[in-house]
Amino acid sequence: MPCIIKKGESTSNPMSIMSLISEACYIEDVMVGPADSTMRDEISQLVEMAARLSPAELTDYLNDHMKMRMFVVGKAVSVADICLFSAMVQYWRGLDWEAKMAKANTFRWIDHIQHLPGMWDQVQAR
């Protein structure tokens, strides 16, 4: 669904939408990274990946990626964490305990993200 940027302009690009929301809330540097930074590029790639890959593929990717990390990019929650979490939460709810433990790094990350302030309310609403 397109998001109106300004009169006569819209976008359906998830990163553009998240950037606009972050800018409007004055948290753009935190949520999408500083302009023209490698952090913003990495977040953008991961947001695109969340839209393109299946939850099972994201699980495999994150299990390796999260070996030594608490957040997907940097040292704080970002748009990448939120988009990836949103893309995977329903899939993870359907997995049994053994399947979750087989992807322990992804499980640890999902557990961490879902317990951030405000995220649990979003999980329960789904």
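1. A residue is called exposed when its relative accessible area is over 50%, buried when it is under 20%, and partly exposed in between. The model is predicted, and the accessibility classes below are computed from it. Arg52, at 51% relative accessibility, is therefore classed as exposed.

2. Arg52 is paired with Glu48 in a salt bridge whose closest N and O atoms lie 2.8 Å apart. Both belong to helix α3, and because they are four residues apart, about one helical turn separates them. Glu48 has a relative accessible area of 41% and so is partly exposed.

3. How many salt bridges does a search of the whole structure find? There are three. Side chains of opposite charge can pair when their charged atoms come close.

4. A further salt bridge joins the side chains of Lys103 and Asp60, at 2.8 Å from N to O. This pair links distant parts of the chain, with Lys103 in the loop between α6 and α7 and Asp60 in helix α4, 43 residues apart. Lys103 is partly exposed at 24% relative accessibility, and Asp60 is partly exposed with a relative accessible area of 44%.

5. Asp64 and Lys67 also form a salt bridge through their side chains, at 3.0 Å from N to O. Asp64 is partly exposed, its relative accessibility being 48%.

6. Which residues of α4 are buried? They are Leu58, Thr59, Leu62, Asn63 and His65. Viewed down the axis of α4, these buried residues fall within an arc of 165°, so they line one face of the helix. The elements covering them include α3, α5, α6 (97-102) and α7.

7. His65, in helix α4, deserves a separate comment. His65 is buried because its relative accessible area, 14%, is under the 20% limit. Its side chain reaches the backbone oxygen of Val72 at 2.9 Å. Leaving aside residues up to four places away in sequence, His65 touches Glu42 and Val72.

8. The largest nonpolar core contains 24 residues, and those with the most contacts inside it are Leu46, Leu62, Val72, Leu84, Met88 and Trp109. Two or more residues each come from α3 (38-52), α4 (55-65), α5 (79-93) and α7 (104-114). The largest share, eight residues, is that of α5.

9. Trp109 touches Leu62, Met66, Met70, Val72, Asp81, Leu84, Phe85 and Met88, again without counting residues up to four places away in sequence.

Notes
Residues numbered from 1 in each chain as written. Predicted model: local features only at pLDDT ≥ 70, side-chain atom pairs only at ≥ 80, totals over all residues. Heavy atoms only, no water. Core = buried A, V, L, I, M, F, W, Y, C linked by side-chain atoms within 4.5 Å. Buried < 20%, exposed > 50% of the residue type's maximum accessible area, 1.4 Å probe, protein only. Contact = heavy atoms within 4.5 Å. Polar contact = N/O pair within 3.5 Å; in protein donor to acceptor, adjacent residues only side chain to side chain. Arc of directions from axis to C-beta. Salt bridge = Lys/Arg side-chain N within 4 Å of Asp/Glu carboxyl O.
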